[in-house]
Amino acid sequence: MSILQKGDRNCLYRAEKKCPRLYNIIFFVVVPLLLLICWCKLCGYFLARLEKEYELSENMKEIREYEEEHHSMNRAIGAVQKSYDECIDIFMNDSMMDPSSDLINGTELKVFVQNCTTIGVEESKNIIKKEVGDKEMVDLTSNHLSFNWNTCSEDGKNMRSYEQGKFLYEKWNENRNEKYKEIMELADNNNNNDGDEDSEDAYLQAIQDTVIPEGLCKLNPAGGAIFWFTVMTTVGYGNAAPKTGGGQIFVVILGFISILAFATVAGSTGHVVLAIIDDVFIRLKMERLTKGWISLMFWMSMIVLSMLCVAGIAAAYTSSRYDGDVRPMGELLWFAFISITTVGLGDIYIPHDAFHQKDMFYVPFALLLGYVCVANFFIKMSNMLHEFSKRSGIPDNEVIDDLLLQQRSIQSQNERDENDCGIHHDDNGEGKDGASSQQGTELVNDRLNIQM
(Lines give C-alpha, C1' and ligand atoms only; values in the text may rest on other atoms or scores of the structure.)
Protein backbone atom coordinates (compact mmCIF):
# COMPACT_ATOMS: atom_id res chain seq x y z
CA MET A 1 0.00 0.00 0.00
CA SER A 2 1.45 3.38 -1.04
CA ILE A 3 1.60 6.43 1.14
CA LEU A 4 -1.30 8.09 -0.65
CA GLN A 5 -3.53 5.04 -0.04
CA LYS A 6 -3.54 5.26 3.76
CA GLY A 7 -6.72 7.30 3.90
CA ASP A 8 -7.32 10.23 6.16
CA ARG A 9 -4.19 9.51 8.18
CA ASN A 10 -2.07 11.06 5.41
CA CYS A 11 -2.24 14.82 4.92
CA LEU A 12 -1.18 14.62 1.27
CA TYR A 13 -3.93 12.15 0.56
CA ARG A 14 -6.51 14.45 2.17
CA ALA A 15 -5.15 17.43 0.25
CA GLU A 16 -5.37 15.55 -3.03
CA LYS A 17 -8.98 14.52 -2.35
CA LYS A 18 -10.03 17.99 -1.21
CA CYS A 19 -8.21 20.11 -3.86
CA PRO A 20 -7.19 17.76 -6.69
CA ARG A 21 -6.49 20.53 -9.21
CA LEU A 22 -4.30 22.62 -6.91
CA TYR A 23 -2.58 19.50 -5.59
CA ASN A 24 -1.67 18.24 -9.06
CA ILE A 25 -0.58 21.67 -10.27
CA ILE A 26 1.80 22.05 -7.33
CA PHE A 27 3.22 18.53 -7.11
CA PHE A 28 3.06 17.43 -10.75
CA VAL A 29 3.64 20.71 -12.63
CA VAL A 30 5.43 23.34 -10.54
CA VAL A 31 7.64 21.03 -8.47
CA PRO A 32 8.93 18.98 -11.47
CA LEU A 33 9.72 22.17 -13.40
CA LEU A 34 11.57 23.62 -10.40
CA LEU A 35 13.51 20.38 -10.06
CA LEU A 36 14.60 20.76 -13.69
CA ILE A 37 15.82 24.28 -12.91
CA CYS A 38 17.76 23.01 -9.88
CA TRP A 39 19.22 20.21 -11.98
CA CYS A 40 20.47 22.79 -14.48
CA LYS A 41 22.08 24.73 -11.66
CA LEU A 42 23.84 21.64 -10.32
CA CYS A 43 25.14 20.38 -13.67
CA GLY A 44 26.03 23.91 -14.80
CA TYR A 45 28.15 24.44 -11.68
CA PHE A 46 30.29 21.35 -12.28
CA LEU A 47 30.59 22.10 -16.01
CA ALA A 48 31.77 25.63 -15.24
CA ARG A 49 34.45 24.20 -12.92
CA LEU A 50 35.65 21.92 -15.72
CA GLU A 51 35.85 24.77 -18.26
CA LYS A 52 37.04 27.65 -16.04
CA GLU A 53 40.82 27.25 -16.34
CA TYR A 54 40.76 26.58 -20.07
CA GLU A 55 38.75 29.73 -20.72
CA LEU A 56 41.19 31.77 -18.63
CA SER A 57 44.16 30.36 -20.55
CA GLU A 58 42.49 31.22 -23.86
CA ASN A 59 41.77 34.76 -22.68
CA MET A 60 45.39 35.03 -21.56
CA LYS A 61 46.54 33.94 -25.01
CA GLU A 62 44.33 36.55 -26.68
CA ILE A 63 45.65 39.31 -24.41
CA ARG A 64 49.27 38.39 -25.16
CA GLU A 65 48.61 38.38 -28.91
CA TYR A 66 46.92 41.74 -28.63
CA GLU A 67 49.80 43.24 -26.66
CA GLU A 68 52.44 41.92 -29.06
CA GLU A 69 50.58 43.23 -32.10
CA HIS A 70 49.93 46.55 -30.39
CA HIS A 71 53.61 46.82 -29.47
CA SER A 72 54.65 46.08 -33.05
CA MET A 73 52.37 48.79 -34.37
CA ASN A 74 53.80 51.27 -31.89
CA ARG A 75 57.31 50.38 -33.06
CA ALA A 76 56.28 50.98 -36.64
CA ILE A 77 54.73 54.35 -35.83
CA GLY A 78 57.80 55.32 -33.82
CA ALA A 79 60.06 54.38 -36.73
CA VAL A 80 58.10 56.64 -39.08
CA GLN A 81 58.21 59.57 -36.66
CA LYS A 82 61.90 59.04 -36.06
CA SER A 83 62.63 58.96 -39.78
CA TYR A 84 61.17 62.45 -40.25
CA ASP A 85 63.19 63.88 -37.37
CA GLU A 86 66.38 62.27 -38.65
CA CYS A 87 65.78 63.49 -42.19
CA ILE A 88 65.36 67.07 -41.03
CA ASP A 89 68.57 66.83 -38.99
CA ILE A 90 70.44 65.47 -42.03
CA PHE A 91 69.08 68.31 -44.19
CA MET A 92 70.21 70.89 -41.68
CA ASN A 93 73.68 69.38 -41.37
CA ASP A 94 74.14 69.07 -45.13
CA SER A 95 72.93 72.63 -45.71
CA MET A 96 75.16 73.98 -42.88
CA MET A 97 72.21 76.12 -41.78
CA ASP A 98 71.10 77.34 -38.42
CA PRO A 99 67.86 75.59 -37.43
CA SER A 100 66.50 78.92 -36.16
CA SER A 101 67.16 80.65 -39.47
CA ASP A 102 64.25 81.77 -41.66
CA LEU A 103 66.25 81.29 -44.85
CA ILE A 104 65.32 77.60 -45.30
CA ASN A 105 64.19 76.67 -48.79
CA GLY A 106 60.79 75.05 -48.19
CA THR A 107 60.65 73.30 -51.57
CA GLU A 108 64.09 71.74 -51.17
CA LEU A 109 63.21 70.63 -47.62
CA LYS A 110 59.99 69.02 -48.80
CA VAL A 111 61.65 67.10 -51.63
CA PHE A 112 64.51 66.01 -49.41
CA VAL A 113 62.23 64.72 -46.63
CA GLN A 114 60.10 62.83 -49.15
CA ASN A 115 63.13 61.05 -50.56
CA CYS A 116 64.72 60.48 -47.20
CA THR A 117 61.66 59.10 -45.42
CA THR A 118 61.10 56.48 -48.11
CA ILE A 119 63.71 54.39 -46.36
CA GLY A 120 62.02 54.84 -42.97
CA VAL A 121 58.57 53.99 -44.30
CA GLU A 122 59.89 50.83 -45.98
CA GLU A 123 61.57 49.86 -42.74
CA SER A 124 58.29 50.35 -40.88
CA LYS A 125 56.47 48.21 -43.42
CA ASN A 126 59.02 45.46 -42.99
CA ILE A 127 58.56 45.55 -39.21
CA ILE A 128 54.78 45.25 -39.56
CA LYS A 129 55.05 42.47 -42.10
CA LYS A 130 57.57 40.55 -40.03
CA GLU A 131 55.96 40.80 -36.61
CA VAL A 132 52.25 41.33 -37.35
CA GLY A 133 51.81 39.82 -40.79
CA ASP A 134 48.33 39.69 -42.27
CA LYS A 135 46.55 39.29 -38.93
CA GLU A 136 43.95 41.82 -37.86
CA MET A 137 44.44 43.72 -34.66
CA VAL A 138 42.54 42.23 -31.74
CA ASP A 139 40.03 44.59 -30.15
CA LEU A 140 39.65 43.72 -26.48
CA THR A 141 36.84 46.27 -26.07
CA SER A 142 34.60 44.03 -28.18
CA ASN A 143 33.32 40.57 -27.28
CA HIS A 144 36.56 38.93 -28.38
CA LEU A 145 37.28 37.54 -24.94
CA SER A 146 34.83 34.98 -23.59
CA PHE A 147 33.36 35.00 -20.09
CA ASN A 148 31.00 32.05 -20.21
CA TRP A 149 32.48 30.17 -17.25
CA ASN A 150 34.31 33.03 -15.45
CA THR A 151 33.40 36.38 -13.98
CA CYS A 152 36.23 38.94 -13.91
CA SER A 153 35.33 42.07 -11.97
CA GLU A 154 36.38 44.05 -8.92
CA ASP A 155 33.50 42.90 -6.70
CA GLY A 156 32.85 39.53 -8.36
CA LYS A 157 29.55 40.64 -9.90
CA ASN A 158 28.62 39.75 -13.47
CA MET A 159 29.27 42.47 -16.04
CA ARG A 160 29.01 42.63 -19.81
CA SER A 161 31.80 40.84 -21.61
CA TYR A 162 33.48 43.96 -23.05
CA GLU A 163 33.52 45.53 -19.56
CA GLN A 164 35.09 42.40 -18.11
CA GLY A 165 37.60 42.30 -20.97
CA LYS A 166 38.61 45.90 -20.38
CA PHE A 167 38.92 45.30 -16.63
CA LEU A 168 40.96 42.14 -17.13
CA TYR A 169 43.35 43.79 -19.59
CA GLU A 170 43.92 46.78 -17.30
CA LYS A 171 44.83 44.54 -14.36
CA TRP A 172 47.04 42.38 -16.55
CA ASN A 173 48.75 45.47 -17.97
CA GLU A 174 49.56 46.70 -14.49
CA ASN A 175 51.24 43.39 -13.71
CA ARG A 176 53.03 43.49 -17.06
CA ASN A 177 54.54 46.90 -16.25
CA GLU A 178 55.73 45.61 -12.89
CA LYS A 179 57.23 42.54 -14.53
CA TYR A 180 59.02 44.71 -17.13
CA LYS A 181 60.55 46.86 -14.40
CA GLU A 182 61.75 43.78 -12.55
CA ILE A 183 63.45 42.39 -15.68
CA MET A 184 65.13 45.73 -16.47
CA GLU A 185 66.33 46.16 -12.87
CA LEU A 186 67.75 42.66 -12.93
CA ALA A 187 69.58 43.43 -16.20
CA ASP A 188 71.00 46.67 -14.73
CA ASN A 189 72.23 44.87 -11.63
CA ASN A 190 73.97 42.28 -13.77
CA ASN A 191 75.39 44.98 -16.08
CA ASN A 192 73.74 43.30 -19.05
CA ASN A 193 71.71 46.27 -20.26
CA ASP A 194 72.68 47.07 -23.87
CA GLY A 195 70.08 49.76 -24.49
CA ASP A 196 67.12 49.55 -26.86
CA GLU A 197 67.70 45.94 -27.86
CA ASP A 198 67.64 44.68 -24.29
CA SER A 199 64.65 46.89 -23.53
CA GLU A 200 62.77 45.31 -26.44
CA ASP A 201 63.64 41.79 -25.29
CA ALA A 202 62.63 42.63 -21.72
CA TYR A 203 59.27 43.95 -22.91
CA LEU A 204 58.51 40.81 -24.93
CA GLN A 205 59.61 38.61 -22.04
CA ALA A 206 57.34 40.54 -19.67
CA ILE A 207 54.40 39.90 -22.01
CA GLN A 208 55.01 36.16 -21.91
CA ASP A 209 55.70 35.97 -18.15
CA THR A 210 52.74 38.06 -16.98
CA VAL A 211 49.69 36.08 -15.89
CA ILE A 212 46.20 36.98 -14.72
CA PRO A 213 46.30 38.06 -11.05
CA GLU A 214 45.29 35.31 -8.64
CA GLY A 215 41.66 35.50 -7.53
CA LEU A 216 40.76 38.20 -10.05
CA CYS A 217 38.35 35.91 -11.93
CA LYS A 218 35.79 33.76 -10.16
CA LEU A 219 33.59 30.88 -11.22
CA ASN A 220 30.42 31.78 -13.12
CA PRO A 221 27.91 29.05 -12.14
CA ALA A 222 25.00 31.09 -13.52
CA GLY A 223 26.54 30.92 -16.99
CA GLY A 224 26.89 27.17 -16.62
CA ALA A 225 23.25 26.90 -15.48
CA ILE A 226 21.81 28.72 -18.49
CA PHE A 227 24.06 26.73 -20.82
CA TRP A 228 22.84 23.47 -19.31
CA PHE A 229 19.26 24.66 -19.76
CA THR A 230 19.89 25.02 -23.50
CA VAL A 231 21.37 21.52 -23.57
CA MET A 232 18.49 19.98 -21.63
CA THR A 233 15.82 21.61 -23.79
CA THR A 234 17.82 21.01 -27.03
CA VAL A 235 17.64 24.74 -27.84
CA GLY A 236 21.41 25.01 -28.25
CA TYR A 237 21.91 28.67 -29.23
CA GLY A 238 25.54 27.95 -30.13
CA ASN A 239 27.02 30.96 -28.33
CA ALA A 240 29.01 28.72 -25.98
CA ALA A 241 30.33 25.17 -25.97
CA PRO A 242 32.62 23.09 -23.76
CA LYS A 243 36.20 23.01 -25.06
CA THR A 244 37.87 20.54 -22.72
CA GLY A 245 37.62 16.78 -23.04
CA GLY A 246 36.23 16.46 -19.54
CA GLY A 247 33.55 19.04 -20.21
CA GLN A 248 32.49 17.37 -23.45
CA ILE A 249 32.25 13.93 -21.81
CA PHE A 250 30.27 15.49 -18.97
CA VAL A 251 27.78 16.97 -21.45
CA VAL A 252 27.52 13.75 -23.45
CA ILE A 253 26.63 11.62 -20.42
CA LEU A 254 24.57 13.89 -18.18
CA GLY A 255 23.30 15.96 -21.10
CA PHE A 256 21.59 12.93 -22.62
CA ILE A 257 20.06 12.07 -19.24
CA SER A 258 18.88 15.67 -18.90
CA ILE A 259 17.18 15.57 -22.31
CA LEU A 260 15.32 12.38 -21.35
CA ALA A 261 14.28 13.91 -18.03
CA PHE A 262 13.06 17.07 -19.75
CA ALA A 263 11.01 15.10 -22.29
CA THR A 264 9.46 13.00 -19.50
CA VAL A 265 8.60 16.00 -17.33
CA ALA A 266 7.23 17.98 -20.27
CA GLY A 267 4.96 15.08 -21.25
CA SER A 268 3.70 14.38 -17.71
CA THR A 269 3.14 18.03 -16.79
CA GLY A 270 1.43 18.58 -20.11
CA HIS A 271 -0.95 15.68 -19.40
CA VAL A 272 -1.85 17.11 -15.95
CA VAL A 273 -2.42 20.63 -17.28
CA LEU A 274 -4.46 19.27 -20.17
CA ALA A 275 -6.69 17.20 -17.88
CA ILE A 276 -7.36 20.19 -15.61
CA ILE A 277 -8.09 22.59 -18.49
CA ASP A 278 -10.43 20.09 -20.18
CA ASP A 279 -12.23 19.53 -16.86
CA VAL A 280 -12.77 23.28 -16.49
CA PHE A 281 -14.21 23.49 -20.02
CA ILE A 282 -16.54 20.57 -19.35
CA ARG A 283 -17.77 22.10 -16.10
CA LEU A 284 -18.44 25.37 -17.96
CA LYS A 285 -20.35 23.39 -20.64
CA MET A 286 -17.74 24.28 -23.27
CA GLU A 287 -16.98 20.73 -24.38
CA ARG A 288 -16.24 21.90 -27.93
CA LEU A 289 -12.97 23.37 -26.70
CA THR A 290 -11.80 19.89 -25.66
CA LYS A 291 -12.10 18.17 -29.04
CA GLY A 292 -11.08 18.46 -32.67
CA TRP A 293 -9.83 21.53 -34.46
CA ILE A 294 -11.18 23.92 -31.86
CA SER A 295 -9.04 22.42 -29.11
CA LEU A 296 -6.08 22.46 -31.48
CA MET A 297 -6.56 26.17 -32.18
CA PHE A 298 -6.99 26.86 -28.46
CA TRP A 299 -3.61 25.35 -27.62
CA MET A 300 -2.01 27.08 -30.57
CA SER A 301 -3.26 30.38 -29.13
CA MET A 302 -1.76 29.35 -25.77
CA ILE A 303 1.61 28.82 -27.48
CA VAL A 304 1.38 32.31 -29.00
CA LEU A 305 0.42 33.74 -25.61
CA SER A 306 3.41 32.02 -23.99
CA MET A 307 5.67 33.54 -26.64
CA LEU A 308 4.31 37.00 -25.83
CA CYS A 309 4.95 36.37 -22.12
CA VAL A 310 8.53 35.22 -22.82
CA ALA A 311 9.14 38.30 -24.97
CA GLY A 312 7.84 40.56 -22.19
CA ILE A 313 10.01 38.87 -19.57
CA ALA A 314 13.02 39.11 -21.90
CA ALA A 315 12.36 42.85 -22.33
CA ALA A 316 12.32 43.34 -18.55
CA TYR A 317 15.46 41.22 -18.20
CA THR A 318 17.50 43.14 -20.79
CA SER A 319 16.37 46.46 -19.35
CA SER A 320 17.51 45.50 -15.85
CA ARG A 321 20.81 43.97 -16.96
CA TYR A 322 21.92 46.46 -19.61
CA ASP A 323 21.11 49.87 -18.13
CA GLY A 324 17.69 50.31 -19.72
CA ASP A 325 18.84 49.07 -23.13
CA VAL A 326 15.81 47.18 -24.49
CA ARG A 327 15.82 45.39 -27.82
CA PRO A 328 13.00 45.97 -30.33
CA MET A 329 9.88 43.92 -29.70
CA GLY A 330 10.34 42.16 -33.04
CA GLU A 331 13.69 40.76 -31.93
CA LEU A 332 12.28 39.70 -28.57
CA LEU A 333 9.38 37.86 -30.25
CA TRP A 334 11.89 36.20 -32.56
CA PHE A 335 13.89 35.11 -29.52
CA ALA A 336 10.73 33.68 -27.93
CA PHE A 337 9.88 31.77 -31.11
CA ILE A 338 13.29 30.17 -31.64
CA SER A 339 13.46 29.30 -27.93
CA ILE A 340 10.01 27.75 -27.43
CA THR A 341 10.23 25.83 -30.71
CA THR A 342 13.80 24.78 -29.70
CA VAL A 343 15.13 25.96 -33.08
CA GLY A 344 17.85 28.06 -31.41
CA LEU A 345 19.37 29.68 -34.50
CA GLY A 346 21.92 31.57 -32.39
CA ASP A 347 21.42 35.04 -33.83
CA ILE A 348 19.89 36.13 -30.53
CA TYR A 349 20.41 34.37 -27.23
CA ILE A 350 20.78 34.80 -23.46
CA PRO A 351 24.36 35.97 -22.78
CA HIS A 352 26.23 34.21 -20.01
CA ASP A 353 28.29 37.17 -18.86
CA ALA A 354 25.51 39.21 -17.17
CA PHE A 355 23.29 36.27 -16.19
CA HIS A 356 22.59 35.73 -12.47
CA GLN A 357 21.52 32.63 -10.58
CA LYS A 358 18.15 34.11 -9.65
CA ASP A 359 17.38 34.69 -13.33
CA MET A 360 16.91 30.94 -13.73
CA PHE A 361 13.57 31.20 -11.90
CA TYR A 362 11.82 33.52 -14.32
CA VAL A 363 13.45 33.53 -17.77
CA PRO A 364 13.98 29.76 -18.26
CA PHE A 365 10.92 28.93 -16.11
CA ALA A 366 8.70 30.91 -18.48
CA LEU A 367 10.20 28.94 -21.38
CA LEU A 368 9.38 25.67 -19.60
CA LEU A 369 5.73 26.70 -19.36
CA GLY A 370 5.82 27.39 -23.08
CA TYR A 371 7.17 23.87 -23.67
CA VAL A 372 4.19 22.49 -21.70
CA CYS A 373 1.81 24.32 -24.06
CA VAL A 374 3.65 22.85 -27.03
CA ALA A 375 3.36 19.35 -25.51
CA ASN A 376 -0.41 19.81 -25.03
CA PHE A 377 -0.76 20.97 -28.62
CA PHE A 378 0.83 17.75 -29.86
CA ILE A 379 -1.31 15.65 -27.51
CA LYS A 380 -4.46 17.21 -28.94
CA MET A 381 -3.17 16.74 -32.47
CA SER A 382 -2.49 13.06 -31.76
CA ASN A 383 -6.01 12.62 -30.35
CA MET A 384 -7.52 14.34 -33.37
CA LEU A 385 -5.62 12.11 -35.78
CA HIS A 386 -6.77 9.05 -33.82
CA GLU A 387 -10.41 10.10 -34.06
CA PHE A 388 -10.01 10.84 -37.74
CA SER A 389 -8.56 7.38 -38.39
CA LYS A 390 -11.49 5.74 -36.60
CA ARG A 391 -14.09 7.69 -38.58
CA SER A 392 -12.37 7.13 -41.93
CA GLY A 393 -11.78 3.40 -41.36
CA ILE A 394 -8.01 3.69 -41.52
CA PRO A 395 -6.40 1.19 -39.11
CA ASP A 396 -4.69 2.99 -36.24
CA ASN A 397 -1.83 1.69 -34.16
CA GLU A 398 -4.12 -0.33 -31.86
CA VAL A 399 -5.69 -2.19 -34.80
CA ILE A 400 -2.23 -2.81 -36.22
CA ASP A 401 -1.24 -4.45 -32.92
CA ASP A 402 -4.24 -6.78 -33.22
CA LEU A 403 -3.37 -7.63 -36.81
CA LEU A 404 0.14 -8.57 -35.77
CA LEU A 405 -1.28 -10.64 -32.92
CA GLN A 406 -3.48 -12.51 -35.40
CA GLN A 407 -0.52 -13.12 -37.68
CA ARG A 408 1.53 -14.53 -34.81
CA SER A 409 -1.39 -16.78 -33.80
CA ILE A 410 -1.70 -18.21 -37.30
CA GLN A 411 2.04 -18.74 -37.51
CA SER A 412 2.02 -20.59 -34.18
CA GLN A 413 -0.82 -22.82 -35.35
CA ASN A 414 1.06 -23.68 -38.56
CA GLU A 415 4.12 -24.63 -36.55
CA ARG A 416 2.05 -26.90 -34.29
CA ASP A 417 0.39 -28.55 -37.31
CA GLU A 418 3.80 -29.44 -38.70
CA ASN A 419 4.69 -31.20 -35.44
CA ASP A 420 2.34 -34.21 -35.45
CA CYS A 421 3.84 -35.69 -32.32
CA GLY A 422 2.41 -33.01 -30.06
CA ILE A 423 -1.18 -33.17 -31.35
CA HIS A 424 -3.93 -35.34 -29.69
CA HIS A 425 -7.09 -35.96 -31.72
CA ASP A 426 -10.58 -36.15 -30.29
CA ASP A 427 -13.48 -38.33 -31.52
CA ASN A 428 -14.22 -36.10 -34.50
CA GLY A 429 -10.54 -36.25 -35.63
CA GLU A 430 -9.86 -32.57 -34.95
CA GLY A 431 -6.82 -31.57 -32.93
CA LYS A 432 -7.44 -29.80 -29.63
CA ASP A 433 -4.55 -27.42 -30.23
CA GLY A 434 -5.87 -26.57 -33.67
CA ALA A 435 -9.33 -25.93 -32.24
CA SER A 436 -7.99 -23.64 -29.52
CA SER A 437 -5.86 -21.78 -32.08
CA GLN A 438 -8.89 -21.34 -34.30
CA GLN A 439 -10.86 -20.00 -31.36
CA GLY A 440 -8.03 -17.52 -30.64
CA THR A 441 -8.08 -16.37 -34.25
CA GLU A 442 -11.84 -15.87 -34.09
CA LEU A 443 -11.46 -13.78 -30.94
CA VAL A 444 -8.91 -11.57 -32.69
CA ASN A 445 -11.23 -11.18 -35.66
CA ASP A 446 -14.06 -10.18 -33.31
CA ARG A 447 -11.81 -7.46 -31.80
CA LEU A 448 -10.95 -6.19 -35.24
CA ASN A 449 -14.63 -6.06 -36.26
CA ILE A 450 -15.53 -4.16 -33.09
CA GLN A 451 -12.79 -1.53 -33.62
CA MET A 452 -13.44 -1.20 -37.34
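**Ground rules.** I number residues from 1 along each chain as its sequence is written. In this predicted model, local features need pLDDT of at least 70 and side-chain atom pairs count only at pLDDT 80 or more, while totals for chains, interfaces and linings use all residues; side-chain values use heavy atoms, with hydrogens and water left out.

**Fold.** I looked up the secondary structure and found twelve helices and two strands in the protein chain. Helices are DSSP runs of H or I with at least four residues, strands are runs of E with at least two, and both are numbered from the N terminus. Along the sequence, I read the order as α-α-α-β-α-α-β-α-α-α-α-α-α-α. Of the 452 residues, 37% are buried (under 20% relative accessible area; exposed is over 50%, partly exposed in between; 1.4 Å probe, protein chains only).

**Annotated spans.** I noted that the unreviewed UniProt entry places "transmembrane region" at residues 22–48, 249–277, 297–320, 332–350 and 362–379. UniProt positions are given in the numbering used here, feature names are shortened, and annotations may be inferred rather than shown by experiment. I checked residues 22–48: 100% helix, 0% strand, with end C-alpha atoms 37 Å apart. Residues 297–320 are also 100% helix and 0% strand, and there the end C-alpha atoms lie 35 Å apart.

**Disulfide.** I found one disulfide in the structure (a pair of cysteine sulfur atoms within 2.5 Å). It joins C152 and C217, with the sulfur atoms 1.9 Å apart. C152 is in strand 1 and C217 in strand 2 (residues 217–219), so the bond ties together parts 65 residues apart in sequence. The link of C152 and C217 is right-handed, at 110 degrees about the S-S bond. C152 is buried at 0% relative accessible area, and C217 is buried at 9%.

I then looked at C373, which is buried at 10% relative accessibility.

**N150.** I placed N150 in strand 1 (residues 150–152); at 0% relative accessibility, N150 is buried. Leaving out residues up to four places away in sequence, I list K52, E55, L56, Q164, C217, K218 and N220 as touching N150 (contact: heavy atoms within 4.5 Å).
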